[in-house]
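Here is a briefing for a reader meeting this structure for the first time. Please look over the sequence and the model before reading on.

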Amino acid sequence: MLRVEIRDSAGTLVLRLEGRFTGDDAEHTRTLAARFATRGKLLVDLTEVVFIDAAGEEVLSFLGLFGAEFVAPNSYVLDLCERLNLRVAPNSSAQLNVLGNPRANGDESRSNRAKPRKR
């Protein structure tokens, strides 16, 4: 299953993908992205993608031809971007914070637990 979220912010179209980027879902995303790609900069967030098949790789390469930059914060998607010669957005986590990432307050800690008291 794939979830696609589109945000248009400050001249940048953010395409956020979640789940499995495969087959018909990838092809539908290609059609959707091509419709909006002429609006300016395209940023594809792959943070929540768990699997990409050959059709998904082809679509990502297609988006790369449009000049898309890719958010690749983990080893799986980073390796994929390197293998497909896709442009990884520099400082991509900061860009997402500006564009509405839930961690926009800059709190990257795992939790807000109180520190243990010294005795």
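This is a predicted model: local features need pLDDT of at least 70, side-chain atom pairs count only at pLDDT 80 or more; totals for chains, interfaces and linings use all residues.

A search of the whole structure finds 11 salt bridges.

- Strand β3 (residues 41–52) and β4 run parallel and are joined by 3 bridges.
- In β4, V71 stands opposite D45.

**Helix α1**

- Which residues of α1 are buried? They are A26, T29, R30, A33 and F36.
- Seen down the axis of α1, these buried residues fall within an arc of 135 degrees, so they line one face of the helix.
- An α-helix has 3.6 residues a turn, so residues three or four places apart point the same way.
- D24, H28 and R35 are exposed, on the other side of α1.
- What covers the buried residues of α1? The cover includes β1 (2–9), β2 (12–21) and α2 (54–65).

**Two buried residues**

- T22 sits in the loop between β2 and α1. Is T22 buried or exposed? Its relative accessible area is 17%, and buried means under 20%, so T22 counts as buried.
- Leaving aside residues up to four places away in sequence, T22 touches F51 and D53.
- E57 lies in helix α2. At a relative accessible area of 18%, E57 is buried as well.
- Which residues does E57 touch, not counting residues up to four places away in sequence? They are I52, L80, R83 and L84.

- Side chains of opposite charge can pair when their charged atoms come close.
- R3 and E18 meet through their side chains in a salt bridge (3.3 Å, N to O). This pair links distant parts of the chain, with R3 in strand β1 and E18 in strand β2, 15 residues apart.
- R3 is partly exposed, at 46% relative accessibility.
- A salt bridge also joins the side chains of E5 and R16 (3.6 Å, N to O). Here too the pair links distant parts of the chain: E5 is in strand β1 and R16 in strand β2, 11 residues apart.
- R16 is buried, with a relative accessible area of 19%.
- The side chains of R7 and E5 form a salt bridge (2.8 Å, N to O). R7 is partly exposed, with a relative accessible area of 23%.
- Which residues are linked in a network of salt bridges? They are R3, E5, R7, R16, E18 and D45.
- D45 belongs to this network, and D45 also stands opposite V71 in β4.

Conventions
Residues are numbered from 1 along each chain as its sequence is written. Side-chain values use heavy atoms; hydrogens and water are left out. Buried means under 20% relative accessible area, exposed over 50%, partly exposed in between (1.4 Å probe, protein chains only). Helices (H or I, at least four residues) and strands (E, at least two) are DSSP runs, numbered from the N terminus. The arc is that of the directions from the helix axis to the C-beta atoms. Contact means heavy atoms within 4.5 Å. Two strands pair if DSSP finds at least two bridges between them. A salt bridge is a side-chain nitrogen of Lys or Arg within 4 Å of a carboxyl oxygen of Asp or Glu.
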